[in-house]
Amino acid sequence: MRAKETVVHVTKENALVPEIPAAHSYRTSEAHISYRDLGSGPTLLLLHGGAPGETGWDSFAACIEVLRTRFRVIVPDQPGFGQSHLVEDSGLPYSAISAKAMAELLSHLGVGRVHVSGNSLGGGVALRMALEYPDLVNRIVLIAPFVRGFCPQFLAPPSEGAALLHDYYPHHQTRCGTY
């Protein structure tokens, strides 16, 4: 007879949240990036979302202790968040600016191919990294990605009924909106 398994639900209230380690910083070609580098193993880059006040550490602290036992975890604040800021504005979309900054940071750290996990805005940056720096990205994990400008490329063609509705309401926004 099998022993009864205990299921533990991790919430913000009961998560084992580690002490916040000191941040490092690196100046890329367009941004000053603050980041934390923990653990060992294959490299995992964690990219936070775009909510006001968001930081890499705040977004992923609850899972850092588990992840750092299997991965080298790099947790940056993306440009314009936390202690990171944009130094020069190239006029490119945010996902391109952040993807370039992350690629430059990873090059500075001397890592090869990495796994990238992105939440919301970070998901869009993870996709941009995979498209623009394919030799750098091994795998991506997307958590509710915000993918401005990519949506039509990643969706299946509309069904016949959806196409007819679009023809009937040509100015109606699709579920991708104007992203």
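Select His 24 to start the tour: this residue is found in strand E1 (residues 24–27), where helices (H or I, at least four residues) and strands (E, at least two) are DSSP runs numbered from the N terminus. You are looking at a predicted model, in which local features need pLDDT of at least 70, side-chain atom pairs count only at pLDDT 80 or more, and totals for chains, interfaces and linings use all residues. Residues are numbered from 1 along each chain as its sequence is written, and side-chain values use heavy atoms, with hydrogens and water left out.

Stay with His 24, which is partly exposed at a relative accessible area of 41%; here buried means under 20% relative accessible area, exposed means over 50%, and partly exposed lies in between (1.4 Å probe, protein chains only).

Asp 37 itself is partly exposed, with a relative accessible area of 25%.

How many salt bridges does a search of the whole structure find? The search finds four, and another one to select joins Glu 30 and Lys 100, whose closest N and O atoms are 3.6 Å apart. Glu 30 sits in the loop between E1 and strand E2 (31–39), while Lys 100 lies in helix H2, 70 residues apart. Glu 30 is buried, at 10%, whereas Lys 100 counts as partly exposed, at 28%.

Move on to helix H3 (residues 121–132), where Glu 132 and Arg 128 are four residues apart and so separated by about one helical turn; their side chains meet in a salt bridge of 2.9 Å, N to O.

Finally, select Phe 81 and Tyr 94, whose ring centres are 6.4 Å apart and whose planes are at 80 degrees, so the pair is edge-to-face. Rings of Phe, Tyr and Trp (its six-membered ring) pair if their centres lie within 6.5 Å, and planes under 30 degrees apart count as stacked, over 60 as edge-to-face and the rest as tilted. Phe 81 is buried at 14% relative accessibility, and Tyr 94 is partly exposed at 27%.
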